[in-house]
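The following exercises ask the student to read a protein structure step by step. Each task is followed by a worked solution.

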Amino acid sequence: MLHSALALPLLLIAVSSNFAMAIKKGKRAPQTLSRGWGDDITWVQTYEEGLYHSKKSNKPLMVIHHLEDCQYCQALKAAFAESDEIQEMAQNNFIMLNLMHETTDKNLSPDGQYVPRIMFVDPSLTVRADITGKYSNRLYTYEPQDVPFLIENMKKALRLIQTEL
């Protein structure tokens, strides 16, 4: 009995010291599928899963292409996560996917494979190449100051479903 009573405190000490060492070494906690884009949003893991859920739920799929070490992606991610309107629409009206690699669907890179890039796919599985950002040299990119324009494009994607499908 005494032996098991001592085992628990020793176990707790060992676990807490390992946790403290991991923090000191700068190890990060495992990331969720949000990767910082919005922890309250339900994210799908793959493009194929996103297409399935889009068709099943009759919601558009929003695909965000980004890289972890891209300063432009990080800036857009912060603006995206801070916008209550984007977060609410993303959670309630879209199937959401963020990718740090390219998909096999070449329709998702009609003008190149740059990041950040945000594209919409409607429930009929059509990539909406007509919903673009403001820049002629990177049609599907957004910068932090473009958040209001991104919100309008999200609303446009929702309107197109109602009028076209």
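**Exercise 1.** Determine which residues Lys77 touches, not counting residues up to four places away in sequence, and state whether Lys77 is buried or exposed.

*Solution.* Step 1: contact is defined as heavy atoms within 4.5 Å. By this criterion Lys77 touches Arg35, Gly36, Trp37 and Glu68, with residues up to four places away in sequence left out of the count.
Step 1: Lys77 lies in helix 3, residues 71-82. Helices (H or I, at least four residues) and strands (E, at least two) are DSSP runs, numbered from the N terminus.
Step 2: the terms for accessibility are buried (under 20% relative accessible area), exposed (over 50%) and partly exposed (in between), computed with a 1.4 Å probe on protein chains only. Lys77 has a relative accessibility of 7% and therefore counts as buried.

Two notes on the source apply throughout. The model is predicted: local features need pLDDT of at least 70, side-chain atom pairs count only at pLDDT 80 or more, and totals for chains, interfaces and linings use all residues. Residues are numbered from 1 along each chain as its sequence is written, and side-chain values use heavy atoms, with hydrogens and water left out.

**Exercise 2.** Explain why strand 2 and strand 3 are described as largely enclosed.

*Solution.* Step 1: in a regular strand the side chains alternate between the two faces of the sheet.
Step 1: in strand 2, Ile95, Leu97 and Leu99 on one side and Met96 and Asn98 on the other are all buried, so both faces are covered. Because five of its five residues are buried, strand 2 is largely enclosed by the rest of the structure.
Step 2: strand 3 has both faces covered, with Arg117, Met119 and Val121 buried on one side and Ile118 and Phe120 on the other. Five of the five residues of strand 3 are buried, so strand 3 is largely enclosed as well.

**Exercise 3.** Describe the backbone at Asn58, Leu125 and Pro116.

*Solution.* Step 1: Asn58, in the loop between helix 2 (47-57) and strand 1 (61-65), has a phi near 60°, a positive value in a residue other than glycine. At 46% relative accessibility, Asn58 is partly exposed.
Step 1: Leu125, in the loop between strand 3 and helix 5 (147-164), has a positive phi near 70°. With a relative accessible area of 39%, Leu125 is partly exposed.
Step 2: a cis peptide bond, with omega about -10°, joins Val115 and Pro116. Pro116 is placed in the loop between strand 2 (95-99) and strand 3 (117-121).
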